[in-house]
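Keep the structure open beside you as you read.

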Amino acid sequence: MKYNEIAHFSHPQHKLRYEYSEFPFKCDGCKEVGIGSRYKCTICDYDLHMHCAIPSPSITHPFYTKCSFQFLSRPPGNVPRYCNACEKDITGFMCHCRSCGFDLHPCCAKLPMVLDDGDVKLYLFRKVSATCHRCGRKGRNRSWSYRSTCKKYNLHVACVKEMLVDSWHELYFGHGDHNYNNNTYNNTNYRKLENRIPSLKGTLQTHHKKSKGKAQKCCEMAGLALQFIISAVLGDPTTLIAGVVGSLMSK
């Protein structure tokens, strides 16, 4: 459910207003990067993913049928926590199963089981044996994966997250202004940021050295798949945002 304005426990000073932006932002709740729909305090430059702004107190997940994940504002205890979906550290809002100890970023917990834009259909798996188009490996111990219906296109969620961290290192780890949709960050600098989203073209072509036509088709299909997976990882798995991601990807 979407509200135009909400009060949130993590930012009691002011109410947060719903807005949509095609510029990336860093969520002040889960500390992960997002794009698209968000709740924002324009006075304090405070941003939250939709899933962080209006969380479910507890959720279940098809991959962990015996688990009940509770929404927490911070990781429990003093032991470092990592997300079982993307393998990345958890430093803010999270979903935690007290019984089994599994942890998920709020956006990872809400990753769609199926991504379908009419041309490309991708299914989320906890584990797959197929080769990842990004890293070339056949499996990662802890990462979920998206795989196409034809089983030719497979991408680890962890690999997609690594691409974003590498490309937007300043946005993930920078100590300065983390919102790039304001007057203090000029268009030239933002253009440098957006052009750092990598494509899969170079990686994919190594899989099809014998056939240029096959390589081109594979690149096109997997490129579409990547756009949708990135939009889902960033918290807004919509066709519109997938198109925005595609426009930001380097050619």
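**A walk from salt bridges to the sheet**

E19, R38, K40, D45 and D47 are joined to one another in a network of salt bridges. Here a salt bridge is a side-chain nitrogen of Lys or Arg within 4 Å of a carboxyl oxygen of Asp or Glu. Before going on, please note that this is a predicted model, in which local features need pLDDT of at least 70 and side-chain atom pairs count only at pLDDT 80 or more, while totals for chains, interfaces and linings use all residues. Residues are numbered from 1 along each chain as its sequence is written, and side-chain values use heavy atoms, with hydrogens and water left out.

Helices (H or I, at least four residues) and strands (E, at least two) are DSSP runs, numbered from the N terminus. E5 is partly exposed at a relative accessible area of 39%, and R17 is partly exposed at 47%.

Another salt bridge links K121 and D116, with 3.7 Å between the closest N and O atoms. K121 is partly exposed at 33% relative accessible area, and D116 is partly exposed at 43%.

D116 brings us to a sheet. Four strands make an open sheet in the order β11-β12-β13-β14, with antiparallel pairing. The edge strands, each pairing on one side only, are β11 (114–116) and β14 (154–156). Two strands pair if DSSP finds at least two bridges between them; in general, strands of a sheet pair through backbone hydrogen bonds, either parallel or antiparallel. Strand β13 (residues 145–148) pairs with β14 in the antiparallel sense over 3 bridges, and R147 stands opposite N154 in β14. Helix α3 (residues 157–167) packs on the sheet, touching β12 (121–125), β13 and β14, and its direction makes about 65° with that of β14. Contact means heavy atoms within 4.5 Å; axes are lines fitted to C-alpha atoms, for helices over the stretch in contact, and angles run from 0 to 180 degrees between N-to-C directions.

What about the cysteines? The structure holds 0 disulfides, a disulfide being a pair of cysteine sulfur atoms within 2.5 Å. C52 is in no disulfide, and the nearest cysteine sulfur, that of C27, is 3.8 Å away. C52 counts as buried, at 0% relative accessibility. C83 is in no disulfide either, with the nearest cysteine sulfur, that of C108, 3.8 Å away. C83 also counts as buried because its relative accessibility is 0%.

Of its 251 residues, 51% count as buried. Among contacts in the chain with a separation of 6 or more, 51% are accounted for by residues 24 or more positions apart.

Key. Buried < 20%, exposed > 50% of the residue type's maximum accessible area, 1.4 Å probe, protein only.
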